[in-house]
Amino acid sequence: MFLLRCRCLLAICISLPLSPVFLQPFFVLHKAAAGASLTTSRARRRVDISQPSSPNTKSAKRPRDEDEDEDDEGDMELYEQLRLEAFHRTWSKIQSTINEVLRGINLKLFDQVLRWVQESFSTVRSVMRPCPAEIQQPYPLLTDVICRKIPTAFVLTKNAEFVDDVTTFRDLSDHLESNGCHLAKLSSTELSGKHGVAGCLRSLLRQLLSDVPDVADVSALASWYCGAKNYDQPIIIVIDDLEQCSGDVLGELVMTLSEWVIKIPIFFVMGIATTLDAPRKLLSSEALQQLYPCQLTMGSPSERMNALVEAILVKPCAGFCISHEVAVFLKNYFFRHDGTITSFISALKLACSKHFSVEPLSFLCMGTLEEDCENFWRDKFGALPQAMQKQAFGLPSCTRENNSIKPGNNLVEGLSALMKLQRDWSSVLSCLYEAGRHGKVQLLDVFCEAINPDLHTQKDSNVELPMSKVTNGNLPSRNSGAGRRFLPQALDTVRYMPMETLFHVLKVWSIHLEGMNEINDKVKELQSTTTSATSADCVRITKDKWTRSTNRAANGAVPLNEKAIMLLDDITRNFLVPVECLPFHEIICFKNVGVLQSALIGNPRRMVQLDLLKSQSRLKCSCCSRNGIAVSASLHDTSIMCNLAQEYGDVINLHDWYLSFDGIINNANSKGKRKLIGSPSKKKSKATPQESEAMIQARFCRAVTELQITGLLRMPSKRRPDLVQRIAFGP
C-alpha cells in the first residue's frame with residue numbers, strides 16, 4: 001500500500017504546493033554503524049568529501065580547543081579573502097595586457113580599413129556630389145553600372161571559430177566610429193530568412209536614426225543623411241560573419257542599397273573565416289556584380305598566440321606563471337579547439353583561479369604588482385601565523401637536496417631572487433625566440449621546452465672565455481639541432497643567418513639583455529665586429545658557402561655566426577633555468593594539471609553530488625556547523641536524501657529510505673515542540689503543528705524526483721518497484 005502511494009505521489013509531487021514549515025536545529029540522526037540493520041547485498045559506496053571529523057566531547061580542553069579553532073577559522077577566512085583579492089588584481093592585469101596586445105596587433109588592420117574607407121569615399125564623391133534635394137528623390141541619379149557598385153572590404157580572419165572575431169570586429173567598429181564614420185552592425189541572425197530584408201533595414205535604421213518609422217525604407221535613411229551633421233561622412237555596415245548569413249537575404253539587401261550608393265555612400269565590411277571564395281559561393285552573380293571588392297587579411301592565430309605568450313608568459317606581467325605540464329596541456333588544448341585564442345585565455349584564467357584557491361601562500365604573488373615588493377612581502381610574511389611561516393620553508397622546492405640554488409632562511413630574499421632569476425630567464429628566452437623565428441620556430445614551442453625541468457642541465461664550468469679567444473675547438477656541436485627539440489633549432493638558425501640579419505638580431509638581443517650588463521657587453525662586442533665585417537665586404541654565410549668558411553677558419557679564426565652561437569649557448573646554459581627548479585616557485589607557479597583538466601572537461605553530476613553532500617560548508621549556517629558531519633533537518637530535503645543514500649549500496653530500499661527521512665523530520669518537530677514548552681519567553685507563541693504523513697511523503701517524493709532529474713538516481717523498474725539504484729561518481 002505504501003509503495004503504491006509513493007508511486008502516485010511521484011507523479012504529482014512537483015506541482016504539489018508545500019506549506020512553509022518552521023524547522024529548528026535538533027539532535028541529529030547519526031550514521032548507521034557497521035552492524036546496523038540497514039544492510040544490502042552490495043558493498044556500500046561513499047563519496048569522499050574530505051570533511052573534518054567531529055570533535056571529541058569528552059576532552060577536558062574543549063573550550064580552549066574551540067577558541068583556537070575559531071581563531072584558525074578567522075585566519076583562514078582572512079587569507080582566503082587575500083587570495084581572492086590577489087586573483088582579481090592579477091587577472092585584471094593579465095586581461096588588460098591581453099587587450100592591449102590584441103589591439104596592437106589589429107591596429108594595423110584597422111588603419112588599412114580606415115584608409116580604404118577614406119579612399120572609397122573620395123572616389124564616390126568625385127563621381128558626383130548630390131544636393132539634399134537630389135538625395136531624397138525616389139529614382140536613381142545615374143544609370144551607369146560602375147556608379148552602382150558598393151565598395152566592399154572582405155576581411156579574411158583565418159579563424160575556424162567565430163568566437164575570436166567578436167572582439168576584433170567590435171574594436172574595428174569603435175575605431176571607425178571614433179574617426180567620424182557612421183556605423184551599423186548586422187549579425188548573421190538579422191541576415192536570415194526569418195527576418196528578411198525588411199528586418200535588416202529596420203535594424204539599420206534603429207542604429208542610425210533616433211526616430212524609426214513604422215515602415216522601414218531606404219528613403220528614411222536618405223532623409224536622415226541630408227542632415228548637416230551626417231552629410232560629410234560615409235555609412236559603414238559591418239557584417240562580422242559572412243558565411244553564416246542567408247545568401248538570398250544578403251543579395252537582396254545589396255541590390256536594394258546599390259540603387260542609392262551615389263546618394264548615400266554606404267560601404268560594406270564583411271568578415272570571412274574560411275577563404276576569399278566564400279562570397280562567390282554565397283551570393284548570386286547579379287549581387288556580386290554590384291560589389292566593388294577589396295581584400296584585406298588579418299593576422300594568423302599563430303601570430304597572435306606568439307604575441308600573447310610573449311606578453312603574459314615569457315614576460316610575466318603579473319608575476320603568475322605556469323609549469324611545464326600545464327603549458328603543454330594548454331598548448332594541446334589550444335590546438336584541439338581549432339586554434340582559438342578565446343579558448344586559450346579561458347583555460348589560462350581557470351588555471352590562475354585554481355592556483356589562488358589551492359595554494360595558501362599564493363596571495364604573496366600580489367607583491368609583484370606593488371612598487372616596493374620587498375616591503376609588501378616583509379609585512380605580509382611577518383603577519384603570518386607561525387604554522388604558515390614553517391609551511392613556506394617546508395615547500396618541496398625548498399627541501400629537496402638537488403637544488404642548484406639554496407633557498408636560504410629569508411622568504412623575502414628568496415622571492416626577490418626568484419623574480420630576478422625569472423627576469424633573466426625571460427630575457428634569454430626572448431633572445432632565443434628572436435633567433436629562432438627566422439627559422440619559423442613558434443614561441444609557444446620554445447616556451448614549453450624552456451620551462452621543462454627535465455631538460456635543464458647544470459652548467460659545466462664557471463669559467464667564461466672571452467670572445468677574442470673563442471676558436472673552432474670551443475664551438476658547440478653542429479649536430480646539436482639534429483633532433484626535434486626547438487632550442488637547438490633556434491641555435492642552428494643563427495649558424496646560417498646572413499650578416500645583415502645577424503646584425504639586426506644582435507641589435508634586438510642588446511635590447512632584451514639590457515639589465516644583464518656583462519652579457520650585454522659581449523653582445524655589443526659582437527655588434528662592432530659585425531659592423532666592421534659588413535662594411536668591409538658584406539659577406540653572407542650561407543649553407544652553400546659553409547665549407548669554404550670553415551676552411552678559412554682553420555687558423556683559429558671563428559666566423560661571427562659561430563661566435564653568436566657560442567654566446568647564445570652559454571647564456572642558455574647559465575640563465576635558462578626553469579621556474580620549477582627554483583625555491584619558493586610554488587607561490588607563483590601553478591602546477592596541478594589534473595585539477596585544471598577536470599575543471600575544463602567538467603563533471604556536472606559529480607559536482608552536484610558533492611555540493612549536496614557538503615551543503616553545510618557551502619551555506620555556512622550556524623545550525624549545521626555545530627553538528628559536524630551529521631545530517632541536520634534544517635537542510636534541504638534533497639540534501640538530506642543524498643546524505644542518507646550514502647548509508648546504502650548501489651540499490652536502495654524505498655521503504656527503509658523513507659523511514660529514515662521520516663525519522664529526521666518527526667524528530668525535528670518533536671525537538672522544536674520540547675524547546676517551545678520549556679522556554680518561558682515563548683509560552684504565548686503557538687506551537688508548530690506536526691506535519692501529516694501525506695505531507696512528509698510528498699516532500700520525500702519531490703526529493704527523489706529531484707535526485708532523478710540531476711542524474712544521481714535511477715527510478716524503480718517494473719520487476720523491482722520497491723528498489724531504486726543509486727549512481728555514485730568518483731571514489
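Strands here are DSSP runs of E with at least two residues, helices are runs of H or I with at least four residues, and both are numbered from the N terminus. You are looking at a predicted model, in which local features need pLDDT of at least 70 and side-chain atom pairs count only at pLDDT 80 or more, while totals for chains, interfaces and linings use all residues. Residues are numbered from 1 along each chain as its sequence is written, and side-chain values use heavy atoms, leaving out hydrogens and water.

Next, select 235-239 to show β3, which pairs with β2 in the parallel sense over four bridges; pairing requires that DSSP finds at least two bridges between two strands.

Now widen the view to the open sheet of five strands, ordered β2-β3-β4-β1-β5 with parallel pairing. Its edges are β2 (182-185) and β5 (291-297); each has a single partner strand, so one side of each lacks a neighbour in the sheet. From one strand to the next, the twist averages 20°.

Then bring in helix α6 (residues 218-225), lying across β2, β3 and β4 (266-272) at about 135° to β3.

Finally, jump to V651, whose bridge partner in β10 is Q725. Strands β8 and β10 (residues 723-726) run antiparallel, joined by three bridges.

Notes. Axes are lines fitted to C-alpha atoms, for helices over the stretch in contact, and angles run from 0 to 180 degrees between N-to-C directions. Contact means heavy atoms within 4.5 Å.
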